[in-house]
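Please examine the model shown here before reading the report. The sections after it treat each chain, the contact between the chains, and a few individual residues.

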Amino acid sequence: MVKVIVDGTPVDVPAGFSALQACEAAGKEIPRFCYHERLSVAGNCRMCLVEVARAPKPVASCGFPISEGMQIFTDTEVVRRARRAVMEFLLINHPLDCPICDQGGECDLQDQAYGYGSGISRYHEEKRAVTDKDLGPLVKTAMTRCIQCTRCVRFSTEVAGTPELGMVSRGENAEITTYVQKALTSELSGNLIDVCPVGALTAKPSAFHARSWEYKKTDSIDVMDALGTNIQIQARGGEVMRIVPRVNDEVNEEWLSDKGRFSVDGLKRRRLDQPWVRVHGKLHPATWQEAFVSLARRLEGVPGEKIGAIAGDLCDVESLCALKDFLNSLGSSNLDCRQDGAWYDLSARANYLFNSDIAGIDEADALLLIGVEPRREAPVLNARIRKRYLDAGRGGFPIASIGQFVSDPTYQVEILADGPTALDALLKGENAFAEVLQKASRPMIILGHGALTRQDAPAIYAACKQLAAKTGVVVDGWNGLNVLHTAASRVGALDIGFVPGPHGCATASMLRGGVEVLWLMGADELPIDRISPETFVVYQGHHGDAAAKRADIILPGAAYTEKSGTYVNTAGRVQRAFRAVFAPGDAREDWRIIRAFSEVCGHTLPYNTVEELRARMADVNPVFAHVGHVTKLAAPQAIASQQEKDEDKSFMSAPFRSVIPDYYQTNAISRASPTMAECSKVYSVPRAIAAE
Amino acid sequence: MNTTWAPAEQPESFAFDDESEAEIVNVLKKYPEERKASAVMPLLYIAQRQMGRVTGSAWIPLVAMDDIARRLEMAPIRVYEVASFYTMFNTKPIGRYHLQVCTTTPCWLRGSDVVTEACRKATGIHHFGETSADGLFTLTEVECLGACANAPILQVDDDYYEDMDGPRTEALIADLRAGRKPEAGPAINRMCSAPEGGRKTLLETSVSSPDQK
């Protein structure tokens, strides 16, 4: 620790801190534009000037290293005058268009101009104008507003790993531009809007819709991937206007994927806002009472084992718990949350979790990806891998993959093979990467659904476990055997036990006609056409997507922004989302629908409030009592017990295939979103053509 | 592509010729393999010289920058940033001869305005940055060339023509037009930066030699 004196107050800060960080530690706010704590230091805006004792002139605190006993003054006349001068320079070419600028109200330049701006301009020459750039369907540009802080350049180069933005020319002519006048090819491009301190980069889909102070802000959890990104839903007048990330260093740092950010307009389209009942082959609108009565009639006399339920990817644990309890009370154990047919070793919780936690990536020193493409399955997690890759320096974080990538992973990856047979070579030590894992002190394996949704998933998983045990991926204090999920609901559903009970049917057999009544809760990614024609389908969900068309009864539920729900991320972190707006029309929160219907058919569920339901969840699985945390369960023992299991250890030769054919169209909400549809259109163009 | 620093019309392809390749090999030897991005400026310059040699217009088209980015394993935008930042890299086509008039204070005091005017008159160019109608000359205004003792300076491609004035400038341009390249250096009677018309000081004493000491 180094002692520095900020405005007369001594503070102890770690060595290597910059003067700006030391000032922050002392509680002093330093204005800044170019400095961003998660990006490299550029030092080009000069707004963070402070005075340092014995320094001849004010210094840019963001890039000034501290030393023992250094005296920093953040609020002297010299500092104030210097900052005013910097502000005057920044405003020389900045247009006075705050009234029509979307950044207005949340603009760093606007805010700091209150403190340091001059009331009048001394500049009489012509202001410069810069042509706007086309950054694709998500980011709107007004480049004349740009103050050349280069945050966007550094973000796209460092965090997103898609170095497409740059500052060309110099002086008066300097401008930020892309190297292809095409959309940015990053799944994280929405974060550019957040890092831009002025109104140069703003959100295109929500342009001119609302002002930042009009929003009602609600904390929530993103469900577009299984990372559990912490988000804030900003709504106005009962309508979700936009979604921005919240800072959570354990999960998403402060980034959010484009799908999570820009799928919002899908929440207003193709919504199911009233119950529907199929009469004589046609769906007719109905009241809740009619729907419940006709469903109860249909269920009458159907034995429990002929009723089944499949949960989709966006469900909250509350509704899963209610549906499970309800089906159990009907005598059914035909439950499945794995609509993609994934296989998990359910003997221990650690077997289906991202055990090292997301932040564990920061410590890892070797990584093996198996049947996973993090960039498309969880872009923010991919940025974390890239961050680790950059921090570790050349060769410090070797990464290998079994399975090809569709898009550039943004870090160097050695492709060992296309299919699982490479695992044999690794186990036998024939592949050099086995040694890399062996030598690493924090080796990590990420197993994806490209591997787990295959017929030979048990064999692959067994081989992974063996490899993990052999190469020290799982040792005391470190469990680097990670499963990356693609569905936000999956871990929560597995935790609550939404899987076939003894003699219960799994997804495939339920589809094949193993059940007479099939309750689909938001399950749209199934092969709907394979549902046996005799099956009576109940669809409970929020979007008129694939499954709703096949349904015999539709029960309109709430989307994730419209209910208070619990989600468990891929690392097993239990997180709670709050309701931002009400569901449209007659749609209701999903657990309430099930609770209400359970009463209609005489199997009343024993909870009346969400608190009682959550108490029930904690009874089923104690992890639900620890919101915001990952409940660690010891894994090495589980490995020992599993190793002897005699299973079919043969691999199929087929290569791993991507589980996400189109990143922008993976669930009912993103499929209903015009923005995502446009992205899908723009980005499906092969890169070779886009580069022209 | 953005037209403020690179023209919309760009050649289809660019390939380094044998002479350039030989230079590139030498340049790359100067940098460790993992730091080869440092070679971006020499490579840009090699590309620019090759363009001058082959096409008569020493500029760097985007395809050449892309090729350099590939060779040095950098993002193309990083090469664009460098090429567009430095004024000595021409990102737009220029004439056969690049007339660079220094107009910084010493040259200006010594008559750079006259030199500029002579350039305009002899080439038919109206403004800085333009290329003459015959495609032979591009006139550029540059900042201090660091040869103030011999002001004013007119740099033609890589060569300094010093102690210029109006008639000498016109004569130089006429020579260039005729395909002759006069010897670079002072245009008046002086050696390098030594005083005009021979030595002016230390005339009485002979230069002391070591044995006289």
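The report below describes a predicted model.

## Chain A: overall form

The secondary structure of chain A consists of 23 helices and 28 strands. Its radius of gyration is 27 Å, close to the 26 Å that the globule rule gives for 692 residues, so chain A is as compact as a globular protein of that length. Along the principal axes, the C-alpha atoms of chain A occupy a box of roughly 90 × 60 × 55 Å.

Of the 692 residues in chain A, 60% are classed as buried. When contacts between residues at least 6 apart in sequence are considered, 71% of those in chain A join residues at least 24 apart. Chain A has an accessible surface of about 27,100 Å², and carbon and sulfur atoms account for 51% of that surface. The chain carries 76 positive and 85 negative side chains; the centres of these two sets are 2 Å apart.

## Chain B: overall form

Chain B is built from 7 helices and 5 strands. Read from the N terminus, the order of its elements is α-α-α-α-β-α-α-β-β-β-α-β. The C-alpha trace of chain B extends over about 65 × 50 × 30 Å along its principal axes.

Chain B has 213 residues, of which 43% are buried. Among its contacts with a separation of 6 or more, 64% involve residues 24 or more positions apart. The accessible surface of chain B amounts to about 11,700 Å², with 54% belonging to carbon and sulfur atoms. There are 22 positive and 31 negative side chains in chain B, and the centres of the two sets are 3 Å apart.

## The contact between the chains

Chain A contributes 18 residues to the contact, and chain B contributes 16 residues. About 1,300 Å² is buried between chain A and chain B, and carbon and sulfur atoms supply 56% of this area. On the chain A side, the residues that lose the most area to chain B are A:Ser169, A:Arg170 and A:Tyr179, which together make up 41% of what that side buries.

## Helix H4 of chain A

Helix H4 of chain A covers residues 151-159 and is mostly covered, with 8 of its 9 residues buried. The buried set comprises A:Arg151, A:Cys152, A:Val153, A:Arg154, A:Phe155, A:Ser156, A:Thr157 and A:Val159. Charged side chains are thus included in this set, namely those of A:Arg151 and A:Arg154. Just after H4(A), A:Gly161 adopts a positive phi of about 75 degrees.

## A:Lys470 in helix H14

A:Lys470 belongs to helix H14 of chain A, which runs over residues 457-471. Its relative accessible area is 44%, and A:Lys470 is therefore partly exposed, given that this class lies between the limits of 20% and 50%.

Beyond its neighbours within four places in sequence, A:Lys470 is in contact with A:Leu427, A:Lys428, A:Gly429 and A:Gln438. A:Cys315 lies 155 residues from A:Lys470 along the chain, and the C-alpha atoms of the two residues are separated by 37 Å.

## Backbone features in loops

Two aspartates of chain A have a positive phi in a residue other than glycine: A:Asp7, with phi near 50 degrees, and A:Asp357, with phi near 70 degrees. A:Asp7 is placed in the loop between strand E1 (2-6) and strand E2 (9-13) of chain A. A:Asp357 is placed in the loop between strand E16 (334-336) and strand E17 (366-370) of chain A.

Are these aspartates buried or exposed, in whole or in part? A:Asp7 has a relative accessibility of 25% and so counts as partly exposed. A:Asp357 has a relative accessible area of 9% and is therefore buried, as the cut-off for burial is under 20%.

In chain B, the peptide bond from B:Ala151 to B:Pro152 is cis, with omega near -5 degrees. B:Pro152 is located in the loop between strand E2 (137-142) and strand E3 (154-156) of chain B.

Notes:
Residues are numbered from 1 along each chain as its sequence is written. Chains are lettered from A and ligands numbered from 1 in the order in which they are written. This is a predicted model: local features need pLDDT of at least 70, side-chain atom pairs count only at pLDDT 80 or more; totals for chains, interfaces and linings use all residues. Side-chain values use heavy atoms; hydrogens and water are left out. Helices (H or I, at least four residues) and strands (E, at least two) are DSSP runs, numbered from the N terminus. The radius of gyration is taken over C-alpha atoms; the globule rule is 2.2 Å times the number of residues to the power 0.38. Buried means under 20% relative accessible area, exposed over 50%, partly exposed in between (1.4 Å probe, protein chains only). Contact means heavy atoms within 4.5 Å. Accessible areas come from the Shrake-Rupley method with a 1.4 Å probe; for residues, only the protein chains shown count as cover. The place of a charge is taken as NZ of Lys, CZ of Arg, CG of Asp or CD of Glu. Buried area is the accessible area (1.4 Å probe) that two parts lose on being put together, summed over both.
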